[in-house]
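Subject: Structure handover

Hi,

Here is the structure I promised to pass on. My notes on it follow below.

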Amino acid sequence: LFAIGSETTGKGLKLSDGTIVELDLSDVSTTAFTPGKRVQVQGTYKTVTGVERGPRQVLDVKTMVEKP
């Protein structure tokens, strides 16, 4: 993910309908995460505000499990 002034977490999850959800992964380990693999995440949405983009919803991930 990219945005003006780097106002993004840089991580996203593409849903089956094509929607991209921005993720905050600061509370989980991503060392076992394999790019391109399916994952299951759990967390809560929070509002973050940026100078250029304004307020937006980000999923604050608490658990992430890679799926086969």
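What share of the contacts in the protein chain with a separation of 6 or more comes from residues 24 or more positions apart? The figure is 47%, where contact means heavy atoms within 4.5 Å.

Before the rest, the ground rules. This is a predicted model, so local features need pLDDT of at least 70 and side-chain atom pairs count only at pLDDT 80 or more, while totals for chains, interfaces and linings use all residues. Residues are numbered from 1 along each chain as its sequence is written, and side-chain values use heavy atoms, with hydrogens and water left out.

Overall layout

The protein chain has 0 helices and 4 strands, in the order β-β-β-β from the N terminus on. Both kinds of element are DSSP runs numbered from the N terminus: helices are H or I with at least four residues, strands are E with at least two. Along the principal axes, the C-alpha atoms fill a box of roughly 40 × 25 × 20 Å. Of the 68 residues, 25% are buried (under 20% relative accessible area; exposed is over 50%, partly exposed is in between; 1.4 Å probe, protein chains only).

How the strands pair

S3 and S4 are antiparallel and share 12 bridges, and a hairpin of 3 residues links S3 to S4. S2 and S4 run parallel, joined by 2 bridges. Two strands count as paired if DSSP finds at least two bridges between them.

Leucine 59, in S4, is a handy place to look at both pairings. For valine 41 and leucine 59, 18 residues apart along the chain, the C-alpha separation is 9.2 Å.

The core

The largest nonpolar core has 9 residues: Val21, Leu23, Leu25, Val28, Val39, Val41, Leu59, Val61 and Met64. By nonpolar core I mean a set of buried Ala, Val, Leu, Ile, Met, Phe, Trp, Tyr and Cys residues joined through side-chain atoms within 4.5 Å. Strands S2 (20–24), S3 (39–50) and S4 (54–66) each give two or more residues to this core, and S4 gives the most, with 3.

Leucine 23 counts as buried because its relative accessible area is 5%; the value for leucine 59 is 11%, so that residue is buried too. Leaving out neighbours up to four places away in sequence, leucine 23 touches residues including Thr9, Leu13 and Val58, leucine 59 touches Val21, Val41 and Thr44 among others, and valine 61 has Leu25, Val28 and Gln42 among its contacts.

The pocket

The largest pocket has a volume of about 360 Å³. On a 1 Å grid over the protein atoms alone, a pocket is an open set of points where a 1.4 Å probe fits, with protein on both sides within 12 Å along at least five of seven lines, and lining residues have an atom within 4 Å of a point. The volume is the space filled by probe spheres set on the points, which are joined across faces, edges and corners.

There are 15 lining residues, and Leu13, Lys14, Lys37, Arg38 and Val39 are the closest to the pocket's centre. Strand S1 (residues 12–14) gives the most to the lining, with 3 residues. By class, the lining has 8 nonpolar, 3 polar and 4 charged residues (nonpolar: Ala, Val, Leu, Ile, Met, Phe, Trp, Tyr, Cys and Pro; charged: Asp, Glu, Lys and Arg; polar: the others, Gly among them).

Cheers
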